[in-house]
Amino acid sequence: MCKLNHTNLIWFVFNTYTDFLPFVCDSCSGVYWYVFHFPVHFTCSFITLNIKQETGHIITSYLCSFEDCKGKELLPVLCPQCEKHFCLAHRHQDDHKCEKLEVQKPRMAATKELVQKILESKDGSKSKGRRGAKNAATAAKVALMKLKLHAAGDKGLPQTERTYFQVYLPKEAKECSRPMFFSSKWSVGKVVDYAASTASLKNNNNVLTAKKLRLCHPETGQALQMDDSLLSLLAHPDAPLHNGGNVILEYLDNECTGLEDVSDYIAQT
């Protein structure tokens, strides 16, 4: 075996580690290992395209196919739809106005349709029967919070028993309407008496021949039965009354079963 003397050792170390010495690129001033001394071996930001290097390789560039764009890329950037080359700035279909761009379906179409239905449901002329009751229930929930701020009633009633209404008063009254709350355990007759007392209305319900104060449905105008309880009306399948909804208080003849036109009362406010 050949022994390494001092001169051979220096030569061995030089040949072994020369290729791993760092050098500075003349084009981009980057620092690389000597084994990557050709620009083709590393990513040089200032490399000149289409110039043949010492290695015999040709560095090609890919021109952007977008109109009036002079951008180039070292690597191909193909659009998967039209299969044309583009620069990074125009690589998306929307950016290069791809001829095979698929027209996206409108977003939130279902939501838009739902909003339109809600707006249509607020039209009183379209609210009939059970559908009208559901619309009234939704509106009542919104109005309930407002009523609780100003409603008049018996402060001794438990919160769990309180039922709130915007009470539209008779046409001859000084006020158009007033927010009130009642006990859900009360009968319609007691509600009428309490509302008349709160609004300082004349109440001749105990006089046989006099007009009677009646509580009427805000949409149909039908007079509610005096012996029905609020609790039963609130739990009715067709929900004739809603906590936070409207009711109409009006004087009716003994033979009259309800109001012919309720729009005049609502229009007052």
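Mentor: With pairing. Two strands pair if DSSP finds at least two bridges between them. Keep in mind that this is a predicted model.

Trainee: Which residue in β8 is the bridge partner of Y168?

Mentor: I248 is the bridge partner of Y168 in β8. Strand β8 covers residues 245-252 and is joined to β5 by four bridges. The two strands run parallel.

Trainee: What is the strand order of the open sheet?

Mentor: The order is β6-β5-β8-β7. That makes four strands, with mixed pairing. The edges are β6 and β7, the latter at 212-216, and each of them pairs on one side only. On average, neighbouring strands are turned by 35° against each other, direction ignored.

Trainee: Which strands does α4 touch?

Mentor: Helix α4 packs on the sheet and touches β6, β7 and β8. Its direction makes about 135° with that of β6.

Trainee: Now the rings. What describes a pair of aromatic rings?

Mentor: Two values: the distance of the centres and the angle of the planes. Planes over 60 degrees apart count as edge-to-face, and under 30 as stacked. The protein has five aromatic pairs. One of them is Y164 with F181, at 5.4 Å centre to centre and 45° between the planes, which is tilted. Y164 sits in strand β5 (residues 162-168) and F181 in strand β6 (residues 177-183), 17 residues apart.

Trainee: Are Y164 and F181 buried or exposed?

Mentor: Both Y164 and F181 are buried. Compare F182 and Y194. Their centres are 6.1 Å apart and their planes make 85°, so the pair is edge-to-face.

Trainee: Why does the pair of F182 and Y194 tie together parts that are apart in sequence?

Mentor: Because F182 lies in strand β6 and Y194 in helix α4 (residues 188-198), parts 12 residues apart in sequence. F182 counts as buried because its relative accessibility is 1%, and buried means under 20%. Y194 has 25%, so it counts as partly exposed.

Definitions and conventions. Residues numbered from 1 in each chain as written. Predicted model: local features only at pLDDT ≥ 70, side-chain atom pairs only at ≥ 80, totals over all residues. Heavy atoms only, no water. Phe/Tyr/Trp six-rings, centres within 6.5 Å; stacked < 30°, edge-to-face > 60°. Buried < 20%, exposed > 50% of the residue type's maximum accessible area, 1.4 Å probe, protein only. Axes fitted to C-alpha atoms, helices over the stretch in contact; angles between N-to-C directions. Contact = heavy atoms within 4.5 Å.
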